[in-house]
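Biologist: I would like to learn how to read a model like this one, feature by feature. Could you walk me through it?

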Amino acid sequence: MTSHLMNTYGRLPFALSHGRGCRVWDTEGREYLDALSGIAVNTLGHAHPKLVPALQDQVGRLIHCSNYYGAPMQETLAGKLCELSGLDAAFFCNSGLEANEGALKIARKFGHDRGIERPEVIVYERAFHGRSIATLSATGNPKVQKGFEPLVEGFVRVPLNDLSAIESVARDNPNIVAVFLETIQGEGGIHSTRIEILQGLRRICDERNWLLMLDEVQCGIGRTGKWFAHQWAGIRPDVMPLAKGLGSGVPIGAIVAGPRAKDVLGPGNHGTTFGGNPLAMRAGIETLRIMEEDGLLANAAAMGERIRAGLAEALHGVAGVKEMRGQGLMIGIELDRPCGELLLKAAQAGLLISVTADSVLRLLPALILSAAEADEIVARLAPLVRDFLAAAQP
Ligand SMILES: Cc1ncc(COP(=O)(O)O)c(C=O)c1O
C-alpha cells in the first residue's frame with residue numbers, strides 16, 4: 001500500500017489500538033506490556049479510570065478558546081507547578097521543543113536586557129532538546145543536525161559533569177547568559193548530571209548572574225521519584241521546560257521560571273495559539289492531582305529500584321552488558337554493541353521498550369506500574385538480552 005505519510009520514522013510493523021493501565025493491544029489483538037509509555041508521556045498509563053471521566057467532562061465543556069481571554073485553568077496548573085517546584089511563574093505551550101525554544105528566548109532576552117548583544121548559552125555533548133532549528137542546534141547529536149545547517153549560533157558545547165569546562169568558558173566568554181542541560185539526558189543514553197555538579201552549576205550561575213535552565217521534559221513529572229529530577233540535588237533552576245508526562249498523553253508543554261527569569265518575557269514577546277488550552281490544562285491538573293492522591297512518586301522510586309535490582313540479578317555476569325543507569329522509572333541498560341533489533345524482538349515477546357544512542361535499552365514505564373508488572377518487565381527482557389548478546393558479535 002502506498003503511504004501518504006512523510007517518511008520520518010522507522011516504525012515497527014504493527015499498530016496499537018487501545019490500552020488499559022500498563023497493557024496495550026494491537027489491531028490484531030496481540031497484548032503488550034508497555035514499558036515505554038509513549039516515550040515517558042503516559043504517566044498514568046492508558047485509560048486511567050480517574051483521568052478518562054475528567055477529560056470526557058472537559059471535552060464536553062471547552063476544548064479550546066485562545067489566549068484572548070482569562071485562563072483560570074492555566075492559573076490553577078501554573079500555581080500547582082510553582083508549589084511543587086518552588087518556582088514562580090509558568091507559560092504553557094504544546095511540546096518539549098516549544099518549551100525549550102521559549103527557554104532559549106528567555107535566555108537571549110535576559111542577555112539583551114543586561115546589555116549583551118550576542119548572548120550565548122552553554123549546552124552539552126549528547127544533549128537532546130528537540131527538532132526545531134534552534135533546539136536541534138542546542139542538541140549535541142550530529143545525526144539530528146545533519147542536513148539542517150546553518151545551525152543557530154550562540155551555543156558553546158561542553159562535556160557533561162565537568163565543572164572545569166564551564167569555568168574555562170566563563171573565563172573566556174563574556175557573552176554567556178545561561179547554562180542549559182537535561183538533568184538526566186534521555187535520548188543521549190540516560191546519563192545523569194551528578195548531584196554535586198548540579199550544585200556547582202547553581203553556584204556558578206549565581207556568581208555569574210547566568211540562568212540555570214534545566215530541561216526536565218523527559219526526566220520531570222515524578223519519573224525519578226521526586227517531582228523534578230534536580231530536586232535530588234536540593235537546588236532550584238531559574239528556568240525549567242516541561243512537557244511529555246505532564247498531560248499523561250494530552251499534548252502539553254510548560255516553561256516554569258524562578259524570580260530571575262519570570263519577568264523576562266513581556267507582552268508581545270511570546271505566544272502560541274494552542275498553548276494553555278482548557279483540555280491540556282485539565283489533563284495537567286488531573287495528572288498531578290492523581291499522582292499525589294495515589295502516591296505515584298514513591299511508586300516510581302520503588303518500582304525503578306525493583307526493575308534495576310531484578311535486571312542486575314538476571315544479567316549478572318553476562319558479557320556485553322556494560323552499565324545500568326538512571327533513576328526511578330527512567331532506566332538505561334547500555335550494551336557493548338548496537339541493539340536496535342531488540343526493539344522488534346521485545347515487541348514479539350510482548351514488551352514495548354526503546355533503544356536510544358544505538359546501544360542503550362531504555363525503559364520508561366508508566367508511574368502506575370505494579371510490582372508484578374515490574375517483575376514481568378525483567379522476566380521478559382533479561383532472556384532477550386542474554387540471547388542477543390550470546391548470538392551477536394560486537
Ligand atoms: C529532554 C528532552 N527535551 C526535549 C524533547 C523534545 O520534546 P518534543 O518531542 O515534545 O518536542 C525531548 C523529546 O524526546 C526530550 O527528551
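Biologist: Thanks! To begin, what lies 2.9 Å from an oxygen atom of the ligand?

Modeller: A backbone N or O atom of leucine 97 lies at that distance from the ligand oxygen. A polar contact here is a pair of N or O atoms within 3.5 Å; within protein, one must be able to donate a hydrogen and the other to accept it, and residues adjacent in sequence count only if both atoms are side-chain atoms. Before we go on, remember that this is a predicted model, where local features need pLDDT of at least 70 and side-chain atom pairs count only at pLDDT 80 or more, while totals for chains, interfaces and linings use all residues. Residues are numbered from 1 along each chain as its sequence is written, and side-chain values use heavy atoms, with hydrogens and water left out.

Biologist: Which side chains have an N or O atom at such distances from the ligand?

Modeller: In aspartate 215, a side-chain N or O atom is 2.8 Å from a nitrogen atom of the ligand. For glutamate 187, a side-chain N or O atom is 3.5 Å from a ligand oxygen. The protein covers 82% of the 390 Å² of accessible area that the ligand has on its own (Shrake-Rupley method, 1.4 Å probe; for residues, only the protein chains shown count as cover).

Biologist: How many residues surround the ligand?

Modeller: There are 13, and the closest are Gly96, Leu97, Asp215, Gln218 and Lys244; a residue is near if one of its heavy atoms lies within 4 Å. By class, the shell has 3 nonpolar, 6 polar and 4 charged residues. In that scheme Ala, Val, Leu, Ile, Met, Phe, Trp, Tyr, Cys and Pro are nonpolar, Asp, Glu, Lys and Arg are charged, and the others, Gly among them, are polar. Helix H4 (residues 96–113) gives the most to the shell, with 3 residues. Helices (H or I, at least four residues) and strands (E, at least two) are DSSP runs, numbered from the N terminus.

Biologist: Now for the sheets. What is the strand order in the open sheet with antiparallel pairing?

Modeller: Strands of a sheet pair through backbone hydrogen bonds, either parallel or antiparallel. Here 4 strands follow the order E13-E14-E17-E16, where pairing requires that DSSP finds at least two bridges between two strands. Strand E13 (321–327) and strand E16 (354–356) each have a single partner strand, so one side of each is left without a neighbour in the sheet.

Biologist: How do E16 and E17 pair?

Modeller: E16 and strand E17 (residues 360–363) pair in the antiparallel sense over 3 bridges, and valine 355 stands opposite leucine 361 in E17. Helix H12 (residues 371–391) packs on this sheet, touching E13, E14 and E17; contact means heavy atoms within 4.5 Å.

Biologist: Which order do the strands take in the sheet with mixed pairing?

Modeller: That open sheet of 4 strands runs E1-E2-E3-E15. Strand E2 (residues 23–26) and strand E3 (residues 31–34) are antiparallel over 3 bridges, with tryptophan 25 facing its bridge partner glutamate 31 in E3. H12 packs on this sheet too, touching E2, E3 and E15.

Biologist: Finally, which backbone angles deserve a look?

Modeller: Most residues other than glycine have a negative phi, and most peptide bonds are trans. Serine 37, in helix H1 (residues 37–40), has a positive phi near 45°. The peptide bond from glutamate 149 to proline 150 is cis, with omega near 0°. Proline 150 is found in the loop between helix H6 (142–145) and strand E6 (155–158).

How values were computed:
Axes fitted to C-alpha atoms, helices over the stretch in contact; angles between N-to-C directions.
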